[in-house]
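Please look through the sequence and the model shown here before reading on.

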Amino acid sequence: MASPDQEPRIHPLRRAVRRLPAVRKALLKALKPIMPQVGQFVRWLEAAEYTTWFRRWQASTPADDAAILALLGPAPASFLVTLPRAEAETRASIAAQLGVPVEVLEGGALTPAQALRSRFVLHLEPGDLLPRHALAEFAIAAEAAPAPLIIFGDEDTQVIGGRRRAPWLKTAFDPDLLLQQPALGRAVAYDTGLLARHGLLDLRGHALMVAATRAALAEAGPAAIRHIPAILLHRAAGRMPAWREGLDLPGVSLILAEAGERVTLEPPGGGRPVPRATWPLPDPAPQVTIIIPTRNGLPLMEACLDGLLKRTDYPAFDIIVCDNDSDDPALLRRFEEWSRDPRFSVLPCPGPFNYSVINNRAARAAKGEILLLLNNDTEVRHDGWLREMVSHAVRPEIGAVGARLLFPSLRVQHSGTVLGLAGIAGHDMLHTPEKSHGPYDLLRLTRRVSAVTAACLAVRREAFLAVGGFDEEGLRVAYNDVDLCLKLRASGLQNLVTPQAELLHKESATRGDDMSPTHKARWLTERATMRARWGEQLVNDPYYSPLLSLDPPTRILTAAPRRLAPWRPPAEQPPLPE
């Protein structure tokens, strides 16, 4: 094994650029228009080097055995592994597990007596291989307090010649994502007592994931489900991606129906390769107040309001335009014309531009149960976007709801915000082509995220006001949306992004660039405020793997993982980018 201070053999170009910040900055600026292609090229390089990366950061060797056994202690958790039929390589990988008692059951039904001889059960398929330390990782995680009932890890795929494809790096448990894909995969250990108590011993696959996680949450809350960000299973290569394999919408729909939940799961079809989950809208639909700050910008306002007033299929909304000292006579005349529509009003917000003050003022004046914060440089693409966002915003466990936003070039501008990107937070999968599905189909699925942009953000008014709205002093312009989302999360709510609500966004068309000389000092102060307030949370996004880089382009394996196996000495981490 390489020594901890030795850099892994990963794409030398990227390593060289990382060591030269000025060169890196210039390259990123020059390559921004083709960043998706750059990302694809780097991922291609990584695919060739992935086996080396795995050996460097994920594998264990006999030299690690003493440390692993010390962590396991004298009485580690026991495991039952089921297989539908015998398979020599899979059996051999199970037999090689280090330091934990393990039993194998091949074929046949799983009885309570068989299950309860072990604390956890894993359901594997022929051809699946466990790294020698996989069950030890599960056993160490099982000792957490409170004790987890379901533990799942990451996976990769074995290919011919023993090489591996780049991995399926999962996130913290996401119940929204799980409805649309078998998101726990097969590297998952279920507490046998949990399955026996809820009559789930005969279930397998996607339906078991949904039923068991719901049972675990009901018994012990979110801490009952734990993700280990480590490669704990090598799958045999299949005919479809691992994250699509075993999709069972009928089984999941039956579980939802028995629970009395009216979520509709539509199967892939009609050119859509992934399912769609639709939550019901209350009847009557709640009133929505759409809040749009502006200063001049008539062409932008024309396009924005045309989509709202003429192409939005929602029965109960009103619009507050927050006018920050507009002096364009043409726009002021249009304000008068739009005001003939009873849904439209103007709220004067004079003085220096302070996004937080403007939106807080409008939120207090709003009559809607739901606030929809919207930039004036956005444009509606389809009529059902607001229904989709409100259907999530009314869910009692949800805080902020974000939309999928596209640049005018039809590349992705926003599909969720990742904490830690470029030091504070940045948009995930930026500049990806419109028709891309993204890694693990994430660009096409409704999913939970740590934060979303306020360029198009829906939130219940009571939740917004309960956390104090936006920070008017420390975050006047930048990062106030990330701060709001983190405050909502700290209050117990979850944030999500839905690709079923899609708009165009001409980013900061009227506000300008934070890097301009006029704005940079303010921007640096706001970055300092975020670091002081949220600290380590800014480099520990539960919905972005610590095995991925925080340098753009996103979703590239990192040369300095932010999570190592518990028996390994901590690696020196690079400082946050300035």
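## Strand β21 and its partners

In β21, the residue L504 is the bridge partner of E379. This is a predicted model, in which local features need pLDDT of at least 70 and side-chain atom pairs count only at pLDDT 80 or more, while totals for chains, interfaces and linings use all residues. Residues are numbered from 1 along each chain as its sequence is written, and side-chain values use heavy atoms, with hydrogens and water left out.

Strands (E, at least two residues) and helices (H or I, at least four residues) are DSSP runs that are numbered from the N terminus, and two strands are said to pair if DSSP finds at least two bridges between them. Strand β14 (residues 378-380) pairs with β21 in the antiparallel sense over three bridges. Strand β19 (residues 447-449) is also joined to β21 by three bridges, and these two strands run antiparallel, with R447 standing opposite V497 in β21. Twelve of the twelve residues of β21 are buried, and the strand is mostly covered; here buried means under 20% relative accessible area, exposed means over 50%, and partly exposed lies in between (1.4 Å probe, protein chains only).

## Strand β15 and its partners

Strand β15 (residues 398-406) is largely enclosed by the rest of the structure, because nine of its nine residues are buried. Seven bridges join β15 to β21 (residues 494-505), and the two strands run parallel. Within β21, T498 is the bridge partner of A403, and L496 stands opposite V401.

With strand β20 (residues 456-460), β15 pairs in the antiparallel sense over two bridges, and here V401 stands opposite A458. With strand β16 (residues 412-414), β15 again pairs in the antiparallel sense over two bridges, and L406 stands opposite V412 in β16. The hairpin of β15 and β16 has five residues between the strands, and in this hairpin L410 takes a positive phi near 70°.

## The nonpolar cores

In soluble globular proteins, nonpolar side chains tend to be buried together. A nonpolar core is defined here as a set of buried Ala, Val, Leu, Ile, Met, Phe, Trp, Tyr and Cys residues joined through side-chain atoms within 4.5 Å. The largest nonpolar core has 65 residues, and those with the most contacts inside it are I150, L179, L184, Y190, L195 and L265. Among the elements that give two or more residues to this core are α3 (35-57), β4 (150-158), α10 (205-220) and β7 (225-236), and α10 gives the most, with eight residues.

## Helices α4 and α7

Two packed helices are described by the angle between their axes and the distance between the axes. The axes of helix α4 (residues 65-72) and helix α7 (residues 134-142) come within 9 Å and cross at roughly 35°; such axes are lines fitted to C-alpha atoms, for helices over the stretch in contact, and angles run from 0 to 180 degrees between N-to-C directions. The crossing of α4 and α7 is left-handed, a term used if the near helix is turned anticlockwise from the far one by less than a right angle, whereas clockwise is called right-handed.

The contact is made by I68, L71 and L72 of α4 together with A136, A139 and I140 of α7. By class, this contact has six nonpolar, no polar and no charged residues; Ala, Val, Leu, Ile, Met, Phe, Trp, Tyr, Cys and Pro count as nonpolar, Asp, Glu, Lys and Arg as charged, and the others, Gly among them, as polar.

## Two single residues

A236 is found in strand β7, and this residue counts as partly exposed because its relative accessibility is 32%. A236 and D128 are 108 residues apart in sequence, yet their C-alpha atoms are 5.7 Å apart in space. Leaving aside neighbours within four places in sequence, A236 is in contact with G127, D128, T157 and Q158.

Q181 is found in the loop between α8 and β6, and with a relative accessible area of 4% Q181 is buried. Among the contacts of Q181, again leaving aside neighbours within four places in sequence, are W168, H206, W243 and Y440.

## The chain as a whole

The chain has 18 helices and 21 strands, and of its 578 residues 56% count as buried. Of the contacts in the chain with a separation of 6 or more, 76% are accounted for by residues 24 or more positions apart.

Key
Contact = heavy atoms within 4.5 Å.
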